[in-house]
Amino acid sequence: MKDLAVTIWVTNDCNLLCEYCYVNKHIDYMSENTADEVVRFINKKDEEVNSLES
């Protein structure tokens, strides 16, 4: 079985409050619907990758 590594970026919200930060901060979160779709996509790709081993 192959491992499938993913990184999911669920927010652009930063709470560091650095004085020198030049980034135009805005609160932006992934919707629950999008998160569900991401999980389905990852599960599908994981099955595809591991089915190639057989």
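Which residues form a nonpolar patch on the surface? Select L4, V6, I8 and V10: together they have about 310 Å² of accessible area. Patch members need over 30% relative accessible area and no salt bridge, with like charges joined within 9 Å and nonpolar side chains (Val, Leu, Ile, Met, Phe, Trp, Tyr) within 5 Å. Areas come from Shrake-Rupley with a 1.4 Å probe, and for residues only the protein chains shown count as cover.

A word on the ground rules: this is a predicted model, where local features need pLDDT of at least 70 and side-chain atom pairs pLDDT 80 or more, while totals for chains, interfaces and linings use all residues. Numbering runs from 1 along each chain as its sequence is written, and side-chain values use heavy atoms, leaving out hydrogens and water.

Stay on V10, which sits in the segment before helix 1 (32-51); helices are DSSP runs of H or I, at least four residues, numbered from the N terminus. V10 is partly exposed at 44% relative accessibility (buried is under 20%, exposed over 50%, partly exposed in between; 1.4 Å probe, protein chains only).

Next, pick C14. Its sulfur is 6.2 Å from the closest cysteine sulfur, in C18, so it is too far for a bond. A disulfide needs two cysteine sulfurs within 2.5 Å, and the count here is zero.

Now jump to helix 1. E37 and R40, three residues apart there, form a salt bridge at 2.6 Å (a Lys or Arg side-chain nitrogen within 4 Å of an Asp or Glu carboxyl oxygen). Finish on K45 and E48, whose salt bridge is 3.3 Å, N to O.

Notes. Helices (H or I, at least four residues) and strands (E, at least two) are DSSP runs, numbered from the N terminus.
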